[in-house]
Amino acid sequence: EGIRYCILHSYETLPEVLISDVDIAIEKRGLERIDSILYQLADSHGLKIIQKLYYDVPACYYYVLAFWEKVSVPKFIQLDFLNDEFGINKYFLGSEILLYKRRRYKNFYIPSASVEAAYLTIKKVTKRKFPKTTFKKLRKLYQEDNQGFEQLILKYFGRNNLVSLKELILSKTEGRGEILKKLYLSLMFRYYLPRPQKLFLKVLWLIRRLVTRIINPTGLIMCFLAPDGAGKSTIAKQILTHLRQGFRRTLYIHWRPGVLPPPRRVLNPKKWEKMTDDITVAPHKVPPQNLLISLIRFFYYTLDYIVGYCFKLKIAKIKTSLVVIDRYYYDFLFDLRRFRLNIPKWLPKLLLPIIPKPDMVVYLHNTPEELYKRKQELTLQELKRQVNEYQKMWSKLPNAHQINTNKPIDEIVSEIVSL
């Protein structure tokens, strides 16, 4: 398309093998067109664009594309495009510097040796981590263009640090931590002290990024519902494994957010350590508690769903996490006895409108007979009742999907991943 770009590092195995994200510096007009280019590319090659993150200042977009080579196991291509015409990105090198004297490599472009060396140096100093592989790479780049590299180092670190940095790259093995700390402080002072407007711009961009992410969170919250024996936990954990590269983080939650501690722990901390959780191994063998205690516990759990969503689930979603919940508040609609609650059945339905909703609900369906064959914690009669209740209610829940589990687990997982 005639757009100037270069792949910044870890390009040796490309294009055949991707060992990490592909970090790409790109000129401004290319960044403005990248959406249409990528969607056209995805359409013509059977890829799905599943993520687009605005993640850094001033213009950095992170795309995740997915494709399938075999059932249930998606693979991912992670493309990181950045343009920093203001020079306020955390690595300080503006786009014009990154693209200056770029080189042809195989069938794509990479930075010049001096620019790549400066980029890697600043990146590792900023992170204050210098792996052995980075030293090896920097020595090679330094030998290719030591004069160009030293000019860039003088610009960002100053003459006093040039000797220390050369020693660090070429031979120094001891005291690296102290040298990195010194280089980091020097970089910050030298760059921002004479350019306070850059720091001000950076703060504005960070505020914009935060507001954008709050308004349009890039994570996903999904919950699994089913009677005992449907394989919720197994399937939920496989989903987290298969989709973890499509998100920044993953979070697995059983039943409720858990921001509020278990009631027993609040009332009697010492005795609580020896007690089992409210959801026991044989949930229906323990009798329900009296009405007053049941009401207190129910409202306590309801409060945890509301508070927990705001302070745990929503924050995880803003941070681009995939949150998978095994059971949810909806279980109160189907099985109060499991939680030893002796409350009217209409009460959980009454409060349902104020409960924060997951982005996706997956109901795992199977026959009562098959569920009983897998797990005998509940009677066949009780399983028949629950399956009947789930069948009546699941379609009334927001963004709910029914998945039949009378097939191999790989096919079940593949169907959910596709959703």
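Student: Helices (H or I, at least four residues) and strands (E, at least two) are DSSP runs, numbered from the N terminus. Where is the place of Pro-15?

Tutor: Pro-15 is in the loop between strand S1 (5–7) and strand S2 (22–26). This is a predicted model: local features need pLDDT of at least 70, side-chain atom pairs count only at pLDDT 80 or more, and totals for chains, interfaces and linings use all residues. Residues are numbered from 1 along each chain as its sequence is written, and side-chain values use heavy atoms, with hydrogens and water left out.

Student: OK. What kind of peptide bond joins Leu-14 and Pro-15?

Tutor: A cis one, with omega about 5 degrees. Most peptide bonds are trans.

Student: Next, phi. What is the phi of Lys-101?

Tutor: Near 55 degrees, which is positive, and Lys-101 is not a glycine. Arg-340 also has a positive phi, of about 55 degrees, and is not a glycine either. Most residues other than glycine have a negative phi.

Student: Where does Lys-101 lie? And where is Arg-340 found?

Tutor: Lys-101 is in the loop between helix H2 (95–99) and strand S6 (103–105). Arg-340 is in the loop between helix H13 (331–334) and helix H14 (346–351).

Student: Is Lys-101 buried or exposed?

Tutor: Exposed, because its relative accessible area is 59%. Buried means under 20% relative accessible area, exposed over 50%, and partly exposed in between (1.4 Å probe, protein chains only). Arg-340 has 15%, so Arg-340 counts as buried.

Student: New topic: Glu-116. Which helix is the place of Glu-116?

Tutor: Helix H3, residues 113–127. Glu-116 counts as buried because its relative accessibility is 0%.

Student: What is Glu-116 in contact with?

Tutor: Contact means heavy atoms within 4.5 Å. Leave aside neighbours within four places in sequence, and Glu-116 is in contact with Leu-8, His-9, Tyr-11, Arg-103, Pro-111, Lys-137 and Leu-141.

Student: And Tyr-62? Which strand is that in?

Tutor: Strand S4, residues 59–70. Tyr-62 has 5% relative accessibility, so Tyr-62 counts as buried.

Student: Which residue makes a polar contact with the side chain of Tyr-62?

Tutor: Gln-78, through its own side chain, at 3.5 Å. A polar contact is a pair of N or O atoms within 3.5 Å; within protein, one must be able to donate a hydrogen and the other to accept it, and residues adjacent in sequence count only if both atoms are side-chain atoms. Not counting residues up to four places away in sequence, Tyr-62 touches others too, including Asp-21, Leu-53, Asp-80 and Arg-248.

Student: How far apart are Tyr-62 and Asp-23?

Tutor: 39 residues in sequence, and 9.0 Å in space, C-alpha to C-alpha.

Student: Let's do sheets. What order do the strands of the open sheet have?

Tutor: S9-S10-S8-S11-S12, 5 strands with parallel pairing. Strand S9 (249–254) and strand S12 (400–404) stand at the edges with a single partner strand each, so one side of each has no neighbour in the sheet. The twist averages 20 degrees from one strand to the next.

Student: How many bridges join S9 to strand S10?

Tutor: 6, with S9 and S10 (residues 321–326) running parallel. Two strands pair if DSSP finds at least two bridges between them. His-254 has Asp-326 of S10 as its bridge partner, and Thr-250 stands opposite Leu-322 in S10.

Student: How many bridges join S8 to S10?

Tutor: 5, and S8 runs parallel to S10. Cys-223 has Ile-325 of S10 as its bridge partner.

Student: How many residues of S10 are buried?

Tutor: 6 of its 6. Ser-321, Val-323 and Ile-325 point one way, while Leu-322, Val-324 and Asp-326 point the other way. In a regular strand the side chains alternate between the two faces of the sheet.

Student: Last one: helices. At what angle do H5 and H6 pack?

Tutor: Helix H5 (residues 146–157) and helix H6 (residues 159–170) pack at about 125 degrees, with axes 8 Å apart. That makes H5 oblique to H6. Axes are lines fitted to C-alpha atoms, for helices over the stretch in contact, and angles run from 0 to 180 degrees between N-to-C directions. Under 35 degrees is roughly parallel, over 145 roughly antiparallel, 65 to 115 roughly perpendicular, and the rest oblique.

Student: Which residues in H5 meet H6?

Tutor: Phe-149, Glu-150, Ile-153, Leu-154 and Phe-157. Among the residues they meet in H6 are Leu-162, Leu-165 and Ile-169.
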